[in-house]
Amino acid sequence: MDQSEWPLMDRALDEARRCLAWGDVPVGAVVSRGKDVLGAAGNQRERLGDPTAHAEILALRQASRRLGTWRLDGCDLWVTLEPCAMCGGAMVLARLGRLVFGAADPKAGFAGSLGNLLQDARLNHRVDVVPGVRAEESAVLLKEFFATRRGGRDH
């Protein structure tokens, strides 16, 4: 993967950090076509009281509105945490071209950890997956958030 694309992950990390202001799990997502940002968001489940307000879903919605279509073929999604089944399903349904993610999510990730919905041969579309980009930075944000929520305990 070309490191010239890393500013898009920088933007996803910035979106994740913004979530801290409203108490949401710091996950950020950016949808791009080439180097053009079409959508960017952080988690807003707590802020909006909406279980579907994951960063990926919000960024996909913005990109679709901007392009005027639900089809996001040729687009990439950059996210700081491996997507869950809901978000992975949305990416497949949007015909997304590529997913680039940071930290793996062994408890809920469906882009390789618990399964790989994005590349399931039974579905009518498969998304290219690039895992582990800036994984440590993404993981540190999450660890610090949860340590703070637990009152500083590290388990």
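## Salt bridges, cores and a pocket

Counting the salt bridges gives seven, and since this is a predicted model, take them as computed pairings. Side chains of opposite charge can pair when their charged atoms come close. Let's walk through three of them.

Start with Asp-10 and Arg-134, whose side chains form a salt bridge at 2.6 Å, N to O. This one links distant parts of the chain: Asp-10 sits in helix α1 (residues 6-19), while Arg-134 is in the loop between β5 (128-130) and α5, 124 residues apart. How exposed is each partner? Asp-10 has 31% relative accessibility, so it counts as partly exposed. Arg-134 comes in at 14%, and therefore counts as buried.

Next up is the pair Asp-76 and Arg-98, bridged at 2.9 Å, N to O. Because Asp-76 lies in strand β3 and Arg-98 in strand β4, the bridge ties together parts 22 residues apart in sequence. Here both residues, Asp-76 and Arg-98, are buried.

Arg-122 and Asp-120 make another salt bridge, at 2.5 Å, N to O. Arg-122 counts as exposed because its relative accessibility is 74%, whereas Asp-120, at 17%, counts as buried. Going back to Asp-10 and Arg-134, shared partners join these two and Glu-137 into one salt-bridge network.

Now for the nonpolar side of things. In soluble globular proteins, nonpolar side chains tend to be buried together. In this model the largest nonpolar core holds 31 residues, and Val-31, Leu-77, Met-91, Leu-96 and Leu-99 have the most contacts inside it. Which elements supply at least two residues each? They include β1 (28-33), α3 (55-67), β3 (76-81), α4 (85-93), β4 (98-103) and α5 (135-149). The largest share, five residues, comes from α3.

Leaving aside residues up to four places away in sequence, Met-91 touches Glu-56, Leu-60, Leu-77, Pro-83, Leu-96, Leu-99, Leu-118 and Val-127. Apart from this core lies another, of eleven residues, with Leu-8, Ala-12, Leu-13 and Ala-40 among them.

The largest pocket takes up about 490 Å³. Of the 20 residues lining this pocket, Val-25, Leu-81, Asp-105, Leu-142 and Phe-146 are the closest to its centre. What is the lining made of, by class? There are twelve nonpolar, two polar and six charged residues.

Notes: Residues are numbered from 1 along each chain as its sequence is written. This is a predicted model: local features need pLDDT of at least 70, side-chain atom pairs count only at pLDDT 80 or more; totals for chains, interfaces and linings use all residues. Side-chain values use heavy atoms; hydrogens and water are left out. A nonpolar core is a set of buried Ala, Val, Leu, Ile, Met, Phe, Trp, Tyr and Cys residues joined through side-chain atoms within 4.5 Å. Buried means under 20% relative accessible area, exposed over 50%, partly exposed in between (1.4 Å probe, protein chains only). Helices (H or I, at least four residues) and strands (E, at least two) are DSSP runs, numbered from the N terminus. Contact means heavy atoms within 4.5 Å. On a 1 Å grid over the protein atoms alone, a cavity is a set of points where a 1.4 Å probe fits but cannot get out, and a pocket is an open set with protein on both sides within 12 Å along at least five of seven lines; lining residues have an atom within 4 Å of a point. Grid points are joined across faces, edges and corners, and a volume is the space filled by probe spheres set on the points. Ala, Val, Leu, Ile, Met, Phe, Trp, Tyr, Cys and Pro count as nonpolar, Asp, Glu, Lys and Arg as charged, and the others, Gly among them, as polar. A salt bridge is a side-chain nitrogen of Lys or Arg within 4 Å of a carboxyl oxygen of Asp or Glu.
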